Amino acid sequence: MTLRDPFGRRVTGLRVAVTPRCNLACLYCHHEGEVGSPHRVISADEIAKVISAGADLGIRKVKLTGGEPLLRDDLESILLRLPEGVEVSLTTNGILLAERAESLAAAGLARVNVSLDSLRPAVFSGITGGTAADHRRVLEGIDAALGAGLLPVKVNFVVLKENEGEVWKMVDFARDRSVVLQLIELLDQPGRGVGGDLSGIEAALEARAEDVVTRDMQRRRKYFISGAEVEVVRPMDNTEFCAHCNRLRVTSDGKLKPCLLRNDNLVDLAGADLEEMKRRIERAVLLRSPYFCARDR
Ligand code: SAM
């Protein structure tokens, strides 16, 4: 079966924030659309159950995020409880990845996205608040993920004024390490960083690329440049971002979140058994409406 919302969009992905806690403080962070401090944190049982319920309803891709998901030490045991046929990936800042990559892979994690906004420790520190040692651990984490077969490893790079000059170095890094580079447009929040010139960067990528393909998801464009793969993720003012959105979110306090940009239509998962979770997922899917298409927003 496939879940469909009232606008005919298929829902095939679940993005689960497994914790609100983080060991960095990125100046631009959107906190996965969560506001305020949660009263509780989603339990391992709820995470396993909501993913299993989603799988019964046709969800095939799951992303674990946060906060920093690797601050939870029960991820491996959660992964071992998940049904077959669901591809689970993880978005992490990479600081704790080197010591977990093998055990996560063994527990069934398919791949990782590692956030890395600069190759220069000082710029990394300015953006994330992390230390030079943290920066080194992120790089080690990327290598460990490659070694553990968590492929493809994708490196998430939010394009900011601070780092836009580094894009071509990042392209070289992607080619050298055989990782996919994701250039992410800053989702704007007043006072939380200034985005770089992604349009100019994309024009330059296009000029140098041997091949360009458009992925179905959010019409993402992917550029192939002398062996490097570079994907551009542009959520802002993008009706296509909504039109091709195929995911439902779960907040770190255990609520289904139909849209990254809204908090007025959450569906609480508390107290639900597997069958009830399925009904709540179906209810949340019916609440999905394209944010950028609404006239009053
Ligand atoms: N702590 C993990 C990490 O750093 O990857 C997972 C959580 S973080 C919120 C997930 C992803 O969202 C990261 O790749 C981050 O770069 C991206 N992100 C956060 N705030 C953003 C914003 N304002 N605009 C675009 N991307 C953002």
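Reader: Which residues are the closest to the ligand, and how many surround it?
Author: In this predicted model, 20 residues surround the ligand, and the closest are Y28, H30, S115, N156 and L187.

Reader: Why is R72 called buried?
Author: The relative accessible area of R72 is 11%. Buried means under 20%, so R72 with its 11% is called buried. R72 lies in the loop between β4 (61-65) and α2 (75-80).

Reader: Which residues are in contact with R72, leaving aside its neighbours within four places in sequence?
Author: R72 is in contact with V18, T19, V41, I42, S43, A44, I47, I78 and R100. With V18 there is also a polar pair: the backbone oxygen of V18 lies 2.9 Å from a polar atom of the R72 side chain.

Reader: How do you know that S118 is buried?
Author: S118 has 0% relative accessibility. That value falls under the 20% limit, and therefore S118 counts as buried. S118 is placed in the loop between β6 (111-115) and α4 (121-128). Apart from residues up to four places away in sequence, S118 touches V123, F124, H135, F157 and E166. A polar atom of the S118 side chain lies 2.9 Å from the backbone nitrogen of R120.

Reader: Where does I201 lie, and why is I201 called buried?
Author: I201 lies in helix α7 (residues 198-208). Its relative accessible area is 11%, under the limit of 20%, so I201 is buried. Not counting residues up to four places away in sequence, I201 touches V159, E164, V167 and L183. I201 and V167 are 34 residues apart along the chain, and their C-alpha atoms are separated by 8.0 Å.

Reader: What is the phi of H31, and what is the phi of S226?
Author: Phi of H31 is near 50 degrees, a positive value in a residue other than glycine. S226, although not a glycine, has a positive phi of about 45 degrees. H31 is found in the loop between β3 and α1 (44-56), and S226 in the loop between β10 (221-225) and β11 (228-233).

Reader: Which element gives the most to the lining of the second largest cavity?
Author: β3 gives the most, with three residues. The second largest cavity has a volume of about 40 Å³, and its lining divides into three nonpolar, two polar and five charged residues.

Reader: Where does P152 lie, and what is the peptide bond from L151 to P152?
Author: P152 lies in the loop between α5 (132-147) and β7 (154-159). The bond from L151 to P152 is cis, with omega near -5 degrees. The peptide bond from G66 to G67 is also cis, with omega near 25 degrees.

Methods:
Residues are numbered from 1 along each chain as its sequence is written. This is a predicted model: local features need pLDDT of at least 70, side-chain atom pairs count only at pLDDT 80 or more; totals for chains, interfaces and linings use all residues. Side-chain values use heavy atoms; hydrogens and water are left out. Helices (H or I, at least four residues) and strands (E, at least two) are DSSP runs, numbered from the N terminus. Buried means under 20% relative accessible area, exposed over 50%, partly exposed in between (1.4 Å probe, protein chains only). A polar contact is a pair of N or O atoms within 3.5 Å; within protein, one must be able to donate a hydrogen and the other to accept it, and residues adjacent in sequence count only if both atoms are side-chain atoms. Contact means heavy atoms within 4.5 Å. On a 1 Å grid over the protein atoms alone, a cavity is a set of points where a 1.4 Å probe fits but cannot get out, and a pocket is an open set with protein on both sides within 12 Å along at least five of seven lines; lining residues have an atom within 4 Å of a point. Grid points are joined across faces, edges and corners, and a volume is the space filled by probe spheres set on the points. Ala, Val, Leu, Ile, Met, Phe, Trp, Tyr, Cys and Pro count as nonpolar, Asp, Glu, Lys and Arg as charged, and the others, Gly among them, as polar. A residue is near a molecule or strand if one of its heavy atoms lies within 4 Å of it.
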